[in-house]
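Here are my notes on the model you sent. They are set out as numbered points, to be read beside the structure.

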Amino acid sequence: MLTLNLCQFCKSMDWEQLLTGVFNPGQAKLERGQVKCGEHNLGTIRSNRDTCEVCKLIGHVSLTLKPWWPIGEFLDQPERIECAFFNGRNRLGSGLLTGSISQMQVILDQLFEEFNPNYSSVNLVKQKFFDSLGEHGALLEPAPPTGEPRKNNSLNRLLVLAGLTPVTASAQTFIQLHPCLYPLPTVQDYAEGTAPSTVFPTGRVVESEVNIQLLKKWYTTCIQNHGATCEQLSWLAPAGVWPRNLRLIDVTRRCIVDAPSQCSYFTLSYVWGSEENPLQSTTENLAALHTPGALDSHPLPKTIEDAIWLTHEMGVNYLWIDRLCVIQDSAADKAIQLPQMDLVYSSAALTIMAASGTAVDGLVGVKETPRTIHQPTARVAENLSVMNVLRLDDAYQNCVWRTRGWTFQEGLCSRRSLVITADQVFWSCETASCCETIAFEDFPTTVKPGDSVWQVLSGHPVFGDLSGANFSYGELQSMVAAYNKRQLSVQGDILNAFAGVLNRVSRDSGHEFYWGHTVSCMFGLSLAWVNVVWCYDVDLPKQKLAARRREVHRVVPVEGQSYDVPFPSWSWLGWMNLEGLGRCIPKQVNVAPELNIMKLDIYGKAAPLYTGEKLEDLHKVNMYDIDASTSAGWKQDTTIPPHLLHAGGIFRDSGRLLFWTSYAELETREGKIYSSSEPEVEIGQVLHLWPHQITRPKGRLSFIVVSRTLDDFRYNDVRAHRKLYLLLVEWVDREMRVVERICGAEVDETAWVNESGREWILVTLA
């Protein structure tokens, strides 16, 4: 008879049902989509460590519990703390539900439904229909090929939460138990193609050295089996479009070469770090680096050396690395290469992402670069064990690579990614997501852009970060906000390091962009962007405040020499430390602009921002009887004088805007705007730019109108208001009417009309 090293409580758990069976067969009450399976006292768990494998695993991890309410004061009294087991279920792959609707859109629709019981949508109707099918046992996945066993289309998980009895689903989660076969298979079992058959993705033993055979299997499976899904993405450049002046490393001859047309190559995404006299391509040594064996004559940083070796082992002959394939002391070459980084990465067959350390630290687990693996397990049934995978992606979440500006678009613009962290390697392409610890290879693992990442695969955010890129226009605001939380060593790179994302969104959606803002719809509205940041008083000294970016951007015209332009104040690109950036990417709707805003060249001549076709409305617009007559009280002729118009030919951009607008000076105190005729009557407010503890601009300040207020962020539709978006500006040159943006503001339209000191001026917004 089988004897398991389990305590009485753990023996009473039906492990096979909880981890591999039908989820919640008894239809118990759900808490946050989970079923509570019992509570076990933490003091008892720790006393059972020598006799129960599960208690040993839980007891060890419990030493890392956070001192959070309500258990913080009892961490030295474990007998006061209960550990509750919650059983949940995540989806594997893309089923009928996922192909029809977005999980995230359903969540938003459900939120709208809470506030408005009469609210409905196609998404909600589909969701309720699919839920009813599931409740009656209907399978929402296609049947497997004839002769093959049906595998689970969901993955059961068992979370352990610590709290005070009765423990609720909002308590502190400190363990995620994942099902594993017993005895545990190894990575080598799967790399050799002899993987044990199982109906669930088992955990497996990972070695200290990365198994290159497994990585090759991931890569070749995608190349051979995934077809157009991974090769012909909607956001890729048209067939035949190739990066200009592309250089690559020949990993066999170990030298720099001019890229053969349409060759297969890898790219490396990494953090440079600090090195003394690192080897780089320069105008002086470029010819020598083209000599076969040239890279053997120079010591290379460990990460670069490991990447060259790994590329060769994966069967690919070429590798792109920025420091060797871009001429680092050539402004002309950088002006060509930096704006086309999206093309460089998206044209590559695979990107190796060094998500651990910097250039000198090596690819962890590759080519004798050491790594430490810790995989505590516990046997719970004859053929079943459990492994704690809660921290599966911690090394990825905390790596420096995720904080750097350039790596943001490098990750998004890669068709296939091999992410090497301190203790785990992850694979991602449009069709599949894999990792070393969990054997996902034989299961559907597609993660859709609209998925809630905690409800798919093992629920780890890494699978959402690395899943197929979503370059739809609707996702751009979140990408801009995420990018602004990254760090740049050279502040002048702010546009180049994001240009690839804008290029891909433009390719996918048809939008055109100008200094990070869409000019295809509601450009004026985007000028009133906000930066909403909050911090405790004690953290204020460490909080980086929004400040103007004073570096310059190098513009490369179609013809003629490149030149430098300051980053404009009106664009989010012209500011640093925008950790709460929002409302800079308006919804895609066509609303006639109040003002005729044009772009200026370096000679002071104006040209239209956008001359393309009108894009389709993606949202409903409710103007609430507001039309052209509504603005008649403050608006006059917006026509730019003919002598100021660009006559055609090459447009040498200055980053400045020219337009007629309504201007006034208003009294401002503590973030509020007051009427000139009635000094105590509040008529508007200054919009967010700094934490609330920072003193807002005050006194009699200058404001200009940029747009009607169109609320496109609080609702699913766009709603017009009888208010105006303003910019609080400072004068650069009063005589020439040149101003710079300080922050946005909003004011009541009627109150603005009643301001006696208003002027209608032709202003240049720098």
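**Notes on the model**

1. Strand β23 (residues 598–601) runs antiparallel to strand β24 (residues 606–608), and 3 bridges join them. Strands here are DSSP runs of E with at least two residues, helices are runs of H or I with at least four residues, and both are numbered from the N terminus. Two strands pair if DSSP finds at least two bridges between them. K599 stands opposite A607 in β24. The hairpin of β23 and β24 has 4 residues between the strands, and G604 has a positive phi near 85 degrees.

2. This is a predicted model, in which local features need pLDDT of at least 70 and side-chain atom pairs count only at pLDDT 80 or more, while totals for chains, interfaces and linings use all residues. Residues are numbered from 1 along each chain as its sequence is written, and side-chain values use heavy atoms, with hydrogens and water left out.

3. β23 is also joined to strand β26 (residues 653–669), by 3 bridges, and the two run antiparallel. D601 has D653 as its bridge partner in β26.

4. An open sheet of 8 strands has mixed pairing and the order β6-β5-β8-β7-β9-β12-β13-β14. β6 (255–258) and β14 (433–435) are at the edges with a single partner strand each, so one side of each has no neighbour in the sheet. From one strand to the next the twist averages 25 degrees. Within this sheet, β5 (residues 247–250) and β8 (residues 318–320) run antiparallel and are joined by 2 bridges. D250 is opposite Y318 in β8.

5. Helix α9 (residues 212–225) lies across β7, β9, β12, β13 and β14, and runs at about 0 degrees to β13. Angles run from 0 to 180 degrees between N-to-C directions, and axes are lines fitted to C-alpha atoms, for helices over the stretch in contact.

6. Helices α17 (residues 405–412) and α20 (residues 496–509) pack at an angle of about 25 degrees, with axes 8 Å apart. That makes α17 roughly parallel to α20 (angles under 35 degrees count as roughly parallel). Contact (heavy atoms within 4.5 Å) is made by residues including W406 and F408 of α17 and F498 and V501 of α20. The contact residues divide into 7 nonpolar, 4 polar and no charged, with Gly counted as polar.

7. Is helix α4 (residues 53–62) mostly covered or mostly open? α4 is mostly covered, with 7 of its 10 residues buried (under 20% relative accessible area, 1.4 Å probe, protein chains only). Among the buried residues are C55, L57 and I58.

Notes:
Parallel < 35°, antiparallel > 145°, perpendicular 65-115°, else oblique. Buried < 20%, exposed > 50% of the residue type's maximum accessible area, 1.4 Å probe, protein only.
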